[in-house]
Amino acid sequence: MNQQSQGLKKSFNIKRFIVEQPVFIIFLLFSIVIGILKPNFLGLSNVRNLFMDISVYGVVACTMTIAIICGEFDLSASSTFIWSQILFCTLLNRWGGSALGILAAAIVTLISGMIIGSVNGLIVTRLKINSFITTLGMMIIIKGVALVFTDGKMVSTSNGFIAKMGTGALLGIPYLVYIYVVFVAIAFFVMKYTRFGRNIFATGGNAVVAKLSGIKTLFYKYMVFVIIGFASALAGIMLVSQVRAGSVLYGTDLALTAVAATVIGGTSLSGGSGSVAKTFLGMLVLGILYKALIFLGLQAYYQTLIKGLVLVVVVAADAYLNRSGNIRK
Amino acid sequence: MVETIKNKINIGSTLRNYGVMIGLVVIIIIVSIVEPAFFTGNNLLNILRQSSAIGLCALGMTYVMVAGGMDLSLGSTVSLAGVIAIMIMNSIGVTGNADVAAVIAVIAAVTAGGLVGLANGVILATINGRLGESFIITYSMQIVVGALALLVTGGQFIFGRFPEQLYSKLGTGLSPILIFAGLAIVMQLGLAKTNFGRQTYFLGANMNVAKMAGIKVKQLRVINHMICGMCAGLAGIIITSRVYSASPLQGTGYELDAIAAVVIGGTSLMGGSGGIHKTILGVLVVGILANALNVVGVNAYAQLIVRGAIIILAVGLDGLNRGAAIKGLVS
């Protein structure tokens, strides 16, 4: 994050810092305030829980950032997430006896997520339908499929291995957090140091120019949806390992939370810029916020209300700062 | 528009222009054959009655979409307005004059809807939001307003306890159809014949140019969103009046049906074209299709799949239309 100030060679300016990196400020202030109000909040076990909580949604937030950088958007991630939980649970109950069966269940789930993603991608790139509408429609369709499949009931599993994966820990850090961190690390590397990542930036920045300079923009747009489908399925598997069940009620807010984390992190919705690492911080801020809401003992509806308000404020502030920045240029 | 072009592409343009109409007739014929009970006067009246709530939402949505925006908070607004109306009826309507209470409830519900629209409009106008921001801001507002409806009721279903007078008549019999038709005529005139309407089309077609041409863009956007919210408020009244109760989740999904109706009718997602008369057709298609699925016996979950597919399909057709309209200009 220091690169920016170094590159610009400007003296440290606190106002500039606040405008450019509001996440850090919010992050620090928030933790401090809650820490003072409730000393337990900064306790080790709570921090551990916090990371557990954000790891599932974080995986999707990370890929949502890639989609937004590419100038696309995926609302159907929440339905893919739901469908993956249900499919994974069902498959586990069928094949869960052997290690191979569990692996097969996971692979089938991941592939189904990627297929959903590729349908999204094909509709957006081939039929040239706005990604909001495409994924809105797909969100409803997949939710419908999940409902028809389960008849609206919850599917649970009592697979021992999966339970161990969800609750177990290595060196005091839960397995799920490892998965999340590794996922973010890979995404960060790909976006920063590979041609694939750079081309996604180029596509999101200006698709016409990118196309004229020989980048297969449609391919990258397509791939972005496949990746987000994969991540949603992975998140579904991770959630199943935590709660040992799949239901159409788990994770309806996933897509929007992912967008919120992305925008809070500082990735602009206009595409072409941003960072997966920033979204990690954004996810952390959201996680702390949600944990704090629970910690302060607010009623569930107030929590929802505040979550929505945070989203409105963050998105509005992002757009406002962006537009006014453009005028200044 | 231009006669020469119209003459050249005959079958294609006919299909594009009247595709919805043809689709509607085909659906009616097929379903009538499969299920004779469908094409009876009673059922048709039923369809109109059921469509009127979504129709009201779609009318408001048309204004916002012609202006180049989108309102996903509509469903929650319907719930909130309905809940407020029923709560007012339950408190004032029981003790005092039920007819006066009904008037107060209607005003309160419509005002609540207008306030939600005001919030949407002010935020979007302030940040100069484009379609993308419209989506996300109003989707977030959907969460906020939905939470408000849940907070107001404590998450409970509210049964009506008021005497069944004026308020109950609003949503039953012919009145919802008349309310919808009346509002549709007024709004059609407002959009097609007034300065306000023409400016709205201009705004939707190109916000920057509209601004340069001296149109008060921000003010216009706020007004459009407020009209949309007020329509949602009216829809909330009609629904709660019909079922004589209110639920904080009643309006869930209405925004999607409204968008589907508007887009199927032929109002473009990109703004600047379309109109109320097209939306009315779209409302009929959505209403008839929903009824047909019920009559044929498709279960509620499977209907979701159809609904989603129709939204994608309708927008896809819209894209084809635009592609044909500006052939060669599409990048």
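**Salt bridges and their setting**

Tutor: Over all chains, the structure holds two salt bridges, the term being used for a side-chain nitrogen of Lys or Arg within 4 Å of a carboxyl oxygen of Asp or Glu. The model is a predicted one, in which local features need pLDDT of at least 70 and side-chain atom pairs count only at pLDDT 80 or more, whereas totals for chains, interfaces and linings use all residues. Residues are numbered from 1 along each chain as its sequence is written, chains are lettered from A and ligands numbered from 1 in the order in which they are written, and side-chain values use heavy atoms, with hydrogens and water left out.

As a general principle, side chains of opposite charge can pair when their charged atoms come close. One such pair is A:Glu72 with A:Lys221, whose side chains meet at 2.8 Å, N to O. A:Glu72 lies in the loop between helix H4 (44-69) and helix H5 (77-95) of chain A, and A:Lys221 lies in helix H12 of chain A, so this pair ties together parts that are 149 residues apart in sequence; helices (H or I, at least four residues) and strands (E, at least two) are DSSP runs numbered from the N terminus. A:Glu72 counts as buried because its relative accessibility is 9%, and A:Lys221 counts as buried because its value is 14%, where buried means under 20% relative accessible area, exposed over 50%, and partly exposed in between (1.4 Å probe, protein chains only).

The pair A:Asp151 and A:Lys153 also forms a salt bridge, with the closest N and O atoms 3.4 Å apart. Here A:Asp151 counts as partly exposed because its relative accessibility is 45%, while A:Lys153 is exposed because its relative accessible area is 51%.

Turning to the chain that holds these pairs, the secondary structure of chain A comes to 15 helices and four strands, and 53% of its 329 residues count as buried. Among contacts in chain A with a separation of 6 or more, 78% are between residues 24 or more positions apart, contact meaning heavy atoms within 4.5 Å. Chain A exposes about 15,100 Å², of which carbon and sulfur atoms supply 68%; accessible areas come from the Shrake-Rupley method with a 1.4 Å probe, and for residues only the protein chains shown count as cover.

At the interface, 37 residues of chain A are in contact with 36 residues of chain B. The two chains bury about 3,400 Å² between them, 85% of it on carbon and sulfur atoms, buried area being the accessible area (1.4 Å probe) that two parts lose on being put together, summed over both. Across the interface of chain A and chain B, the rule finds zero salt bridges. On the side of chain A that touches chain B, helix H7 (131-150), helix H13 (254-265) and helix H15 (300-328) each supply at least two residues.

Two backbone details complete the picture. Most residues other than glycine have a negative phi. A:Arg244, however, has a positive phi near 55 degrees; A:Arg244 is in the loop between helix H12 (217-243) and strand E4 (245-246) of chain A, and counts as partly exposed because its relative accessibility is 35%. In chain B, the phi of B:Tyr244 is positive as well, near 60 degrees; B:Tyr244 is found in the loop between helix H11 (217-243) and strand E2 (245-246) of chain B, and is partly exposed because its relative accessible area is 25%.
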